[in-house]
Amino acid sequence: MTGFADPYAVPMAMALGASTSAIGLLKSLPFLVSSVFQIFMERAVTALGSCRRAILLAVGVQALSMSAAAFSVFMPKGPGLIFFLCVMVVYTVAGNAASAPWSVLMGEYIPPAKRGEFFGFRYQLVGVSFFAGSYIASRLLGWLGGRGELGFFAVFTAAGLFRTLSFFFITGMYEPKSSFHMPRGNRVNFLSSLDLRKGRVPALFFSVLMMLISTYLVAPYFSVYSLKELKSSYPQFMVLMTIGQMMTYLFMRRWGMAADTYGSVKILKAAFILIPTVPLLWALSRNFYYLSAVEAYSGIIWGAYTIGMNNFIYETIPPHGRAGYNSFFIFTNGIAQFAGAMVGAWLYERLPPLRGSSFVTLLLVSAALRALAGLPMLLLVKEVRQVRTAGTIDLLLGIIGFHPRPL
């Protein structure tokens, strides 16, 4: 589903006549609405009385939303764009609503010492299917280039069908009859969870919020930059938009094994140090092959962030609190995407151009803010469980296979 839908939401919106500001809204409003919904997610899971029931409800709605999105191409451009935006809001809310209860169940399936390795392996499988889906969708759109509405209809219809298959597979998930994993009375206070005075968990979430806002200043507009300024073909666009995620997934298992060995905090610190370098590298050249290499590097680094956050929540939060903290993590992501994308859209149209593009200027702003965002995490968050010690360089060499001691 994600391989067919996620990389092509922006091209679909552009085909429906979306402006740069409208693209910013498409890449931010769904996450804002989803963030608000996460405030009530613990209560929703409790009311349904089952994590699996909550997952199935959300996945079913998401499958229907993709099928509905396909029909927006047959509407007049203005109403079609509005309808597509509304459907993408439903798609995002439903997808994020499934995430927290799914994470709770998976946390009980996997032994703690194997979580990093398992999730890394799983992300590799997801990555292969994502890249394959994106490639097929790009070829389909290229083949129907003169009849774009049919191409987008086929792509989003396929996404809905794949999510429907997912629904039937999820019905086989086991949920313990005991309710030890279900949310309890003491729910997560979203505001106090960002208070730096209350320990390492708030310090990390504060850094995450600031890092993601800095990232989403530019993230929604890579598609616009690629298609409008770099004049990328659909296959080139597909490579730029998916190779990073592909590398994320391919390196997830190694990051996961490293997290099991060295601890999630060290993995996160490596990610927070290196993430600011990504926009700097993007600003140096417009060459397609160079940018593809930068995106591959970016994917590897963001893989460390993803697996590090995943393991950190499992290591730090007891089972009954994971639904709330996973919801808070999704809430943080959504607020960051909305705030970053809206500010980014405003800056994109007003910053002075550098090397012929305001986007390059925006990249440098994002890099500086990302570097500042990592300081609370780097200074205040410490590892609490007993793990093997390693310096950042030592760790990175191990990840890419040049460490004398196996992970």
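Modeller: Start with the cluster. Tyr221, Phe222, Tyr225, Trp282, Tyr348 and Phe359 belong to one aromatic cluster. The model is predicted, so local features need pLDDT of at least 70 and side-chain atom pairs pLDDT 80 or more, while totals for chains, interfaces and linings use all residues. Numbering runs from 1 along each chain as its sequence is written, and side-chain values use heavy atoms, without hydrogens or water.

Now the pairs. The structure contains 17 aromatic pairs (ring centres of Phe, Tyr or six-membered Trp within 6.5 Å; planes under 30 degrees apart are stacked, over 60 edge-to-face, the rest tilted). Take tyrosine 123 with tyrosine 249. Their rings are stacked, with centres 6.1 Å apart and 15° between the planes. This pair bridges distant parts of the chain. Tyrosine 123 belongs to helix 8, residues 115-143. Tyrosine 249 belongs to helix 12, residues 234-262. Helices here are DSSP H or I runs of at least four residues.

Tyrosine 123 counts as buried because its relative accessible area is 17% (buried is under 20%, exposed over 50%, partly exposed in between; 1.4 Å probe, protein chains only). Tyrosine 249 is also buried, because its relative accessible area is 14%. Both partners of the stacked pair are therefore buried.

Last, a charge. Tyrosine 123 has a further contact: the charged end of arginine 122 sits over its ring, 6.0 Å from the ring centre (NZ of Lys or CZ of Arg within 6 Å of the centre and within 35 degrees of the ring normal). Tyrosine 123 thus faces the ring of tyrosine 249 as a stacked partner and carries the charged end of arginine 122 over its ring.

Technical notes: Helices (H or I, at least four residues) and strands (E, at least two) are DSSP runs, numbered from the N terminus.
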